[in-house]
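Please open the model in a viewer and keep the selection panel at hand.

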Amino acid sequence: MRQVLSGFGFLAGASYPFRALAVFRRTPRLWGYLIVPILLNFFLGIILYAGSLYLGWQVVQDLITGLSNWVDSLIANLPAWLGILEYLIVGLGFLLHLLLIIVLFIVTGFLLTQVGVTLGAPWYGKLSEELEKIRTGKLQAVEVGIFRDICRAILFEFKKLVLFACVGIPLFVLNFLPGVGTVISTVGGIILTGTIVCLDFLDGPLERRRLSFRDKLSVVFGSLPASAGFGLVCLGLISIPLVNLVTIPLCVASGTLFFCDRILPKRFRSVDNAKG
């Protein structure tokens with residue numbers, strides 16, 4: 001029974017971007033908070049996608065050229081039938097290009113989220129406040145001043161980088177171990193990226209309550225398996241080129257709805273009522 005309920009929790013978390021879309025359809029005035037962030041995402045997307053695809057393509061082309069030259073020199077004095085190695089190199093090049101495109105879409109979408117959410121924070125913050133008012137009928141926030149707000153925002157980004165480095169570097173090293181190491185690295189990378197995505201999209205309501213970075217992580221992991229479904233769907237949505245110009249704001253909105261429905265009643269309702 002617990003496994004069945006956990007499965008429903010995962011699916012419920014995954015549904016929140018689509019629930020946010022339904023809220024936008026019912027509340028047209030909220031679209032006003034999305035115009036500037038979408039424009040910011042558009043210009044950032046052009047820069048990031050053009051730069052990453054160009055550099056990545058050059059790296060793969062150089063790699064394929066080097067392999068082809070090596071094979072040519074290797075088979076120069078070998079039987080003619082080994083010329084099939086050249087066709088294998090061509091096939092390898094095609095697979096590398098395909099893999100490159102997939103990886104670059106994911107990485108660039110992730111970078112676009114990090115930069116876009118930071119630059120669009122004033123509009124996303126107001127959007128999150130309006131959604132919390134709609135969902136709960138009130139708004140709870142702890143005021144600390146503009147200077148401390150800026151310091152907290154910078155510290156939050158820094159701690160995300162530290163988390164990414166402390167977990168990501170060992171996972172990258174594991175990737176060089178054949179078999180199990182590659183699997184662990186891949187799964188761990190998805191979990192790490194999904195965790196950071198959750199932190200980004202849940203940060204609006206969590207930051208209004210001035211939680212520490214450790215407490216925010218606790219909220220993400222304490223909301224499993226729903227937060228896993230939410231993070232994976234959001235990661236997929238922000239990885240689709242052009243579509244992610246709109247889905248990033250949608251995921252920000254869905255993070256507030258997720259908080260109001262699944263986190264607030266369990267962890268903050270009594271505190272908010274006492275302060276209210």
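How are α2 and α9 oriented to each other: roughly parallel or roughly perpendicular? Select α2 (16-26) and α9 (226-238). Their axes come within 9 Å and cross at roughly 70 degrees, and α2 and α9 are therefore roughly perpendicular to each other. Axes here are lines fitted to C-alpha atoms, for helices over the stretch in contact, and angles run from 0 to 180 degrees between N-to-C directions. Angles under 35 degrees count as roughly parallel, over 145 as roughly antiparallel, 65 to 115 as roughly perpendicular and the rest as oblique.

This is a predicted model, in which local features need pLDDT of at least 70 and side-chain atom pairs count only at pLDDT 80 or more, whereas totals for chains, interfaces and linings use all residues. Residues are numbered from 1 along each chain as its sequence is written, and side-chain values use heavy atoms, with hydrogens and water left out.

**The α2–α9 contact.** Display the side chains of Y16, P17 and F18 in α2, which meet F230, V233, C234 and L237 in α9; contact means heavy atoms within 4.5 Å. The residues of this contact divide into 7 nonpolar, no polar and no charged. Ala, Val, Leu, Ile, Met, Phe, Trp, Tyr, Cys and Pro count as nonpolar, Asp, Glu, Lys and Arg as charged, and the others, Gly among them, as polar.

**The whole chain.** Now colour by secondary structure: the protein chain has 10 helices and 0 strands. Helices (H or I, at least four residues) and strands (E, at least two) are DSSP runs, numbered from the N terminus. Buried residues make up 40% of the 276 residues; buried means under 20% relative accessible area, exposed over 50%, and partly exposed in between (1.4 Å probe, protein chains only).

**The core.** Next, select F201, L202 and F230, which touch the most other members of the 46-residue largest nonpolar core. Such a core is a set of buried Ala, Val, Leu, Ile, Met, Phe, Trp, Tyr and Cys residues joined through side-chain atoms within 4.5 Å. Its largest share, 12 residues, comes from α10. Leaving out residues up to four places away in sequence, the residues that F201 touches include T113, F230, C234 and I248.

**α7 and α8.** Select residues 180-208 (α7) and 213-222 (α8), which pack at an angle of about 110 degrees with axes 10 Å apart. α7 and α8 are therefore roughly perpendicular to each other. Among the residues making the contact are L199 and L202 of α7 and F213 and L217 of α8. The residues of this contact divide into 9 nonpolar, 1 polar and 3 charged.

**Two loops.** Centre on R210, in the loop between α7 and α8. Its phi is near 55 degrees, a positive value in a residue other than glycine, and at 19% relative accessibility R210 counts as buried. Then move to P225, in the loop between α8 and α9. The peptide bond from L224 to P225 is cis, with omega near 5 degrees.

**Last stop.** Finish at C260 in helix α10 (residues 244-275). C260 is buried, with a relative accessible area of 4%. Apart from neighbours within four places in sequence, C260 is in contact with E132, R135, T136 and P265. The C-alpha atoms of C260 and K133 are separated by 9.8 Å, although these residues are 127 residues apart along the chain.
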